[in-house]
Amino acid sequence: MKDVLKAIYERNSCRDFSGVPLTEGQVNELVKSALAAPSAVNAMPWHIIAVTDKGMLDEMDAYAFSILEEKSPDFHKRMKERGGRIFYNAPCLILIAKNDSDWATLDCGIVSQNVALAAHSLGLGNVICGMARMAFEGPRGEEWTRRLQLPEGYTFGMSVCVGAANQGKEPHALDWNKVTYIK
């Protein structure tokens, strides 16, 4: 089986990171994989922010978690039962900011998949994390936009938490009921 197909079939969403910092080389490979993503008319409507400052990640996680409690108490309760963390103690967050172009949301999804597959190929756990957007809401939303240095006119698009997994898990089963072939 080709390496890319193997990575696609083997990758899973990690929700339990050891917290061990990534090397500079690992972070650079993740950023490189993000920049290699295709985009509509090659517009690249994103800006990549690699966050490895553990104090900042923990503070952002706690704030996002408090916003989640406010916006979705039931989901907050579920997350609290899973450890009470949005970033699951990941030592690296690849944040993908987007501009307001028509295809930016789709293109950010492509970037996040590139990063997730690159992380898996580096032997790192990862989870695509849309809940990081909570940090950009509420009374401190603008503060996080400034602290994370989102360029003018950019907003949260998607993020990927990356780090060494505390434990492995099987990828989800393929659901062939989600497929229709038209011949």
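Is Asn-42 exposed or buried? Asn-42 counts as exposed, because its relative accessibility is 52% (exposed means over 50% relative accessible area, buried under 20%, partly exposed in between, with a 1.4 Å probe and protein chains only).

## Basis of the model

This is a predicted model, in which local features need pLDDT of at least 70, side-chain atom pairs count only at pLDDT 80 or more, and totals for chains, interfaces and linings use all residues. Residues are numbered from 1 along each chain as its sequence is written, and side-chain values use heavy atoms, with hydrogens and water left out.

## Two asparagines with positive phi

Asn-42 sits in the loop between α2 (24-35) and β1 (46-51). Helices (H or I, at least four residues) and strands (E, at least two) are DSSP runs, numbered from the N terminus. Asn-42 is not a glycine, yet its phi is positive, at about 55 degrees.

Asn-89 also has a positive phi, near 70 degrees, and is a residue other than glycine. Its place is the loop between α4 and β2. Asn-89 counts as partly exposed, because its relative accessibility is 23%.

## Packing of α3 and α4

Two packed helices are described by the angle between their axes and the distance between the axes. Helix α3 (residues 54-71) packs on helix α4 (residues 73-81) at about 135 degrees, and the axes are 6 Å apart. Therefore α3 is oblique to α4. Axes here are lines fitted to C-alpha atoms, for helices over the stretch in contact, and angles run from 0 to 180 degrees between N-to-C directions. Angles under 35 degrees count as roughly parallel, over 145 as roughly antiparallel, 65 to 115 as roughly perpendicular and the rest as oblique.

Which residues of α3 meet α4? They are Phe-65, Leu-68, Glu-69, Glu-70 and Lys-71. On the α4 side, the partners are Pro-73, Phe-75, His-76, Met-79 and Lys-80. Contact means heavy atoms within 4.5 Å. By class, five residues in this contact are nonpolar, one is polar and four are charged. Ala, Val, Leu, Ile, Met, Phe, Trp, Tyr, Cys and Pro count as nonpolar, Asp, Glu, Lys and Arg as charged, and the others, Gly among them, as polar.

## Ile-86 and Ala-64

Ile-86 lies in the loop between α4 and β2 (92-98). Ile-86 is buried, because its relative accessible area is 0%. Beyond residues up to four places away in sequence, Ile-86 touches Asp-61, Ala-64, Phe-65, Leu-68, Met-79, Cys-129, Met-131 and Ala-132. Its C-alpha is 9.1 Å from that of Arg-15, 71 residues apart along the chain.

Ala-64 belongs to helix α3. Ala-64 counts as buried, because its relative accessibility is 0%. Residues up to four places away aside, its contacts are Ile-86, Met-131, Met-134 and Ala-135. Ala-64 and Arg-133 are 69 residues apart in sequence, and their C-alpha atoms are 7.6 Å apart.

Asp-107 is part of helix α5. Is Asp-107 buried or exposed? Asp-107 is buried, because its relative accessible area is 3%. Leaving out residues up to four places away in sequence, Asp-107 touches Pro-38, Ser-39, Ala-40, Pro-45 and Trp-46. For Ala-40, the sequence separation is 67 residues and the C-alpha distance is 7.1 Å.

Ser-112 is found in helix α5 too. Ser-112 counts as buried, because its relative accessibility is 3%. Neighbours within four places in sequence aside, Ser-112 is in contact with Ile-96, Ile-128, Met-158 and Val-160. Ile-182 is 70 residues from Ser-112 in sequence and 29 Å from it in space, C-alpha to C-alpha.

## The largest pocket

The largest pocket has a volume of about 170 Å³. On a 1 Å grid over the protein atoms alone, a pocket is an open set of points where a 1.4 Å probe fits, with protein on both sides within 12 Å along at least five of seven lines. Grid points are joined across faces, edges and corners, and a volume is the space filled by probe spheres set on the points.

Which residues line the largest pocket? The lining consists of Ile-8, Tyr-9, Arg-11, Gln-113, Leu-117, Pro-171, His-172 and Leu-174 (lining residues have an atom within 4 Å of a point). Elements α1 (3-10) and α5 (104-121) each give two or more residues to this lining. By class, the lining has five nonpolar, two polar and one charged residues.
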